[in-house]
Amino acid sequence: MKNYSIEIIKPFGAIIKSNEPNDSIENFTPNEIYDFVKKYRLVVFKNYTTLPKQSLALFGQKLGVPLQWVFGAINDLKVKPEIENYIFTDHEVPMHWDGAFAGKIPHIILFQCIVAPKKEDMGGTTFCDTSKIISSVDELQLKKWTAISITYATKKIVHYGGTITQKLIVNHSNQNEKTIRYAEPVEDLNPVSLSIKGLETETQQHFIETMKQHLYDANNLYTHRWEKGDIVLADNHILLHGREAFKNPNERYIQRINILHRPNTISLFRNLKNSLTIRRKEFFVAELPIFLIPIFLSITSFSNLFRFDFLIGLIAMSFLFNIGDMINCYADYELDAIYKSHLSNAVYELGKKNVLWQIAISGFIALLLTAWVSILTHQFYLIPLTIIGGFIGLQYSIKPFKFKSQGILQLFCLWGIIFFGPMLYTTIITKGFPSLILMCLFSCFGFLQMGIIMLNTAEDYIEDKASGLKTIIVALGLHRAMNFAWWLTVFAGATLQIVLVKIFLLANAPIWLISFILIVTIGWLKIIAEYKVIIKKMVGKNEDDATKELKKKGMKVPEWLKISAYCTLSVVMILFIWKSYFI
């Protein structure tokens, strides 16, 4: 029995109103939502409970693939004076389609109103049904429009900007229907210019004015007056949308998620892509030196790389290495839906049981291969070391120990399972248990990288604290933790260079060769200088504002990890080449 009523909106759209208190839009199935959007183009849900951010993100995920922006899946549409983009002002926003400069066109736009402007303050969201425009013109006009393509250009600020070329008339990506893909020029902060090709006789300005008449014709236009709690879903292929200017900028707050179409069937390619995603493929480049540094400190020639036992051990290590990442994605599936939606979506599409099977199979293969290497090399201690490392990785994100939530212990667990453990394992399968000086190098390298990674951990401070997760950042407090992270980066980096000098001296390297360690020094100085700038910007800010500042600089983490890792690797390779071919 239906617990809602439907009211048709003129000229298009529908209002679905709940007849029960405390009803949630989550009670609708994805297919029901799709059918509503397909039939009405625009659907306004009223009298439904407001969803917390995490629930909103997970609901959007059920409808399709949330588009991942630098700020996560949810765009907070409110006035933000610090951002030079008209979207975050109280100005009018001309008609456009979402995803124009992202290279991915969402199927559905999901809005939720947290704070609604007063009716007299305006601020309504405008929608235009382009299928109505197409049906209102004759075949000759439609043919002329079909020949038109438009190049849009604007400066890239935050998640928005670039240059794209788009046909004016396109087919709906998921339905057999023609639509108009058009964005009006913007003369405001972050202006958008248009270069139109395919016009026969009319001028570009005349075309823009004609399109404006069509877009804002009462037969094609609906302006939604927001009320608190409204949840709106719109077809981003058929509809264009914009916004009225409004007064009282602090009294309008809309949350938005862009949702890409998800194919009904999961292909082998999508399974492989998602399987790589939960193994954090974006870190592969930065992780490669974790294996190569101990290898080039241990081998005497390139031929050592082709030993059978070494190759088997390396395969085992690669399986082991990704288990922690997969467990983390599995355990943080709901938490990641907001700010790391690509990870959460990968788990959703694979299915949690599938992810658990991948974790179990990876662990079994790694242990089996490790036992094989232990037999081949007579280094049987590898088996208990692997079991201990696997246990720590397994317990990092899940109970009963959940080391991720054990304050300062989180630092040492990550250091062990990401850096020191893999480097130790790699050295053992290469030439046996490492010397004390090599273990010192692995330790320093790992702590240097952990100092950088703490910035990434700090980005999730507000969410981790709210969810009761006691990371090292939560345990120390945001500002104290970031100062600790900077000093850790300073001391670990300095000690790493001292250890490298000692390794070069033990190899009887000449002074000119030792001077190459300056490569590490330069990279390290760049990191600590840029890191210090971020720390200074946090001074005097409350935790919310300080976290926002950190989120802006989150892209520095992969860059710094690569700099420190590859600078160290290059120095180690220089020593290896000198030892192998010049002495």
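In which order do the four strands of the open sheet lie, and is their pairing parallel or antiparallel? The order is E6-E16-E8-E14, and the pairing is antiparallel. Strands and helices are DSSP runs numbered from the N terminus (strands E, at least two residues; helices H or I, at least four), and two strands pair if DSSP finds at least two bridges between them.

This is a predicted model, in which local features need pLDDT of at least 70 and side-chain atom pairs count only at pLDDT 80 or more, while totals for chains, interfaces and linings use all residues. Residues are numbered from 1 along each chain as its sequence is written, and side-chain values use heavy atoms, leaving out hydrogens and water.

Select 93-96 and 221-224 next: these are the edge strands E6 and E14, each pairing on one side only.

Move to helix H21 (residues 556-581) and select Ser564. Ser564 is buried, with a relative accessible area of 4% (buried means under 20%, exposed over 50%, partly exposed in between; 1.4 Å probe, protein chains only). Beyond residues up to four places away in sequence, Ser564 touches Phe445, Leu448, Gln449, Ile452 and Ile527 (contact means heavy atoms within 4.5 Å). The side chains of Ser564 and Gln449 also make a polar contact at 2.3 Å (a pair of N or O atoms within 3.5 Å; within protein, one must be able to donate a hydrogen and the other to accept it, and residues adjacent in sequence count only if both atoms are side-chain atoms).
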